[in-house]
Amino acid sequence: MKKILFAGILLALLSFAFAYKNERTITGTIKDKNGNPIAGATITVKGAKVAAISDVNGKFSLTIDDKTKTIEVSYVGYKIATIKLSDKSEYAIILKPQTSNLNEVVVVGYGVNEDEASNFYSPQIQGRIAGLSIENNKSAQYSSPMILNDEEDKTQDDSSRYNNNFNTEGDDRIVENPFLKTNDNPLSTFSIDVDAASYANVRRFINEGELPPAGAVRIEEFINYFTYNYPQPQNDDPFSINAEISNCPWNTNHKLALIGLQGKKISTLNLPASNLVFLIDVSGSMDEPDKLPLVKSSLKLLVDQLRPQDKVSLVVYAGNAGLVLPSTSGDDKIKIKDAIDALDAGGSTAGGEGIKLAYDVAKKNFVKDGNNRVVLCTDGDFNVGVSSEDELQLLIENERESGVFLSVLGFGTGNYQDSKMQLLADKGNGNHNYIDNISEAKKVFVNEFGGTLFTIAKDVKLQIEFNPDKVQGYRLIGYENRLLNKEDFNNDKKDAGELGSGHTVTALYELSPTGIKDTMLKDVDALRYQKTKDLSKTSFNDEVMNIKLRYKKPDGDKSTLIEHPLKDENISFNSTSDNFRFASSVAEFGMLLRNSQYKGNANFSSVKQTAQSAMSDDAEGYRKEFIQLIKKASSLKEKETAQLDDDNSDN
């Protein structure tokens with residue numbers, strides 16, 4: 001009997017080995033000619049029921065027969081690429097655009113049974129692929145593929161939607177600010193931004209061995225991830241305004257101007273009482289180690305900072321929303337932590353319902369002259385009820401009138417909805433952070449506790465007026481989604497950004513000095529009727545710019561105006577402050593990651609050298625970590641370039 005059993009086991013093992021010995025897995029990245037990843041491209045083996053779809057980073061994985069000689073890569077609007085396979089397992093593929101217009105598109109779906117499913121990049125692809133939107137004569141738009149069976153209940157447990165290998169992360173496409181002529185556009189107006197999520201999110205990409213998609217890189221959030229040593233305000237204003245100007249390191253013909261705000265640092269003992277509502281996503285998509293378990297650990301760090309006068313409620317949402325913990329004193333830390341520890345993930349994601357309930361709870365326990373805030377912890381993947389960006393925006397805009405602020409904390413990978421999270425924070429008078437590890441949670445909830453949760457000024461706007469005798473053109477680096485019309489500056493009904501206790505905000509302008517020939521500035525025909533003002537006889541002729549700032553008190557409706565002119569003292573770049581040099585190195589790093597058309601002579605070596613010269617204010621080691629990130633990104637870029645050169649030579 002034992003011999004028969006042994007023979008059966010041996011036969012089964014031999015059958016298993018035979019079934020798989022002739023297969024191998026290839027991976028790769030699909031990009032356009034400009035180096036942008038192509039999401040939703042189809043990778044097939046001709047004549048075989050084998051296919052894969054590239055994710056939002058252009059990456060794919062495909063299991064094939066080892067006798068397969070070629071694969072085909074196709075995407076709407078691009079020529080089909082036939083790739084010859086060699087012994088290597090990783091490929092970098094460049095698709096060339098079609099020259100003809102698209103008048104008709106045919107979408108072919110592949111159905112497989114369970115026996116064939118293992119040949120696919122995403123197991124059990126069957127039914128319809130949602131998320132591919134194609135408009136006549138326009139390029140295809142890809143909004144993160146999601147596999148749904150026709151019979152499937154759309155309110156199913158979210159976790160089942162992420163057991164395939166699709167990356168459904170969502171980033172906004174960013175159109176970089178261009179250079180503008182001062183004579184045509186003398187004013188530059190924007191809202192401040194204290195969010196830092198983009199830097200932490202991109203750090204996660206790089207630490208995982210990937211360069212980030214360009215849409216994930218928001219340079220202003222890179223710069224504002226770090227603190228700067230600006231002086232504390234000396235008067236009743238909630239912040240000080242600081243400015244500096246020198247040569248631009250990546251374009252020596254240009255100047256670089258820094259504007260820095262320093263929020264007044266208020267001792268934790270003197271901060272107003274808090275009414276906090278933790279709004280926690282416990283849907284199935286949060287059932288990953290870097291999601292709900294990390295949320296729990298992070299919030300417990302925050303609980304440790306609470307005082308007896310602070311109150312905490314706990315609201316959760318999955319298919320529905322519910323109140324788990326009524327308003328509880330910050331002195332009862334064990335009770336709050338026990339409620340957090342009891343949370344489990346499962347179900348779909350009714351984020352809109354959770355937000356409504358959280359605001360209702362916050363309003364019910366409202367503290368006059370206190371800090372009333374909803375703290376949302378999620379991957380942002382709302383799919384039930386109020387879930388579209390327009391619906392969520394309207395909901396948040398209505399609720400913010402109650403005086404309740406919103407902090408948005410993003411968690412997880414694979415389906416993280418960065419653009420949606422940013423929208424919620426922007427419209428909710430709050431901030432947005434991405435928590436990729438417990439160290440980042442400590443930064444947000446312990447080291448920067450006051451800045452994260454306590455607003456000292458709201459609707460903070462900047463308007464810069466440039467002197468055409470000194471500046472013929474300028475470019476605001478970053479803040480693309482924070483731009484305002486010039487008329488919005490004096491409009492107290494126009495929403496803008498918030499500044500927290502002790503927070504710093506930094507903005508950089510690249511300036512084209514008057515009198516140089518500059519290809520960055522585009523000419524238009526001379527105007528017939530406009531008059532120019534002679535500034536040579538005024539007291540302003542030696543100023544480069546005038547910085548105007550408006551803000552409101554957290555509970556105020558009327559704004560206060562502050563002005564601060566900037567003169568050029570012709571200080572060399574190496575003689576500037578550590579603040580100036582470090583901020584410029586971070587901006588240069590961001591432009592390299594974005595492959596910005598304005599990066600000039602920027603390179604990773606100069607970024608590292610500049611950053612290393614400005615390490616004085618680094619008590620927590622964040623700048624030192626930045627140096628390591630530069631090295632990793634430089635290495636990844638070198639590998640990517642070498643791979644592209646190698647594959648193009650093979651083709």
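Hi everyone, let me start at one residue: leaving aside neighbours within four places in sequence, Ser 584 is in contact (heavy atoms within 4.5 Å) with Pro 249, Trp 250, Leu 256, Leu 508, Phe 573 and Thr 610. Ser 584 sits in helix 11, where helices (H or I, at least four residues) and strands (E, at least two) are DSSP runs numbered from the N terminus. Ser 584 is buried, with a relative accessible area of 1%; buried means under 20% relative accessible area, with a 1.4 Å probe and protein chains only.

A word on what we are looking at. This is a predicted model, in which local features need pLDDT of at least 70 and side-chain atom pairs count only at pLDDT 80 or more, while totals for chains, interfaces and linings use all residues. Residues are numbered from 1 along each chain as its sequence is written, and side-chain values use heavy atoms, with hydrogens and water left out.

Now to the helix around our serine. Helix 11, residues 578-594, and helix 12, residues 604-612, have axes that come within 8 Å and cross at roughly 160°; axes are lines fitted to C-alpha atoms over the stretch in contact, with angles from 0 to 180 degrees between N-to-C directions. That makes the two helices roughly antiparallel, the word for angles over 145 degrees, just as under 35 counts as roughly parallel.

Let's move to a second pair. The axes of helix 4 (residues 292-303) and helix 9 (residues 438-447) come within 9 Å and cross at roughly 30°. Helix 4 is therefore roughly parallel to helix 9. On the helix 4 side, Leu 294, Ser 297, Ser 298, Leu 299, Leu 301 and Leu 302 take part, meeting Ile 438, Ala 441, Lys 442, Phe 445 and Val 446 in helix 9.

Stepping back, the protein chain has 13 helices and 25 strands, and 52% of its 651 residues count as buried.

How far can we trust it? The mean pLDDT (the predictor's confidence in each residue, from 0 to 100) is 81 for the protein chain, and 79% of residues reach 70 or more. Confidence is highest in helix 11, at 98, and lowest in strand 8 (residues 128-133), at a mean of 27. Over residues 100-166 the pLDDT is below 50, and beyond near neighbours in sequence that stretch has 114 contacts in the model. Where pLDDT is low, the predicted coordinates should not be read in detail.

Notes. Angles under 35 degrees count as roughly parallel, over 145 as roughly antiparallel, 65 to 115 as roughly perpendicular and the rest as oblique. Buried means under 20% relative accessible area, exposed over 50%, partly exposed in between (1.4 Å probe, protein chains only).
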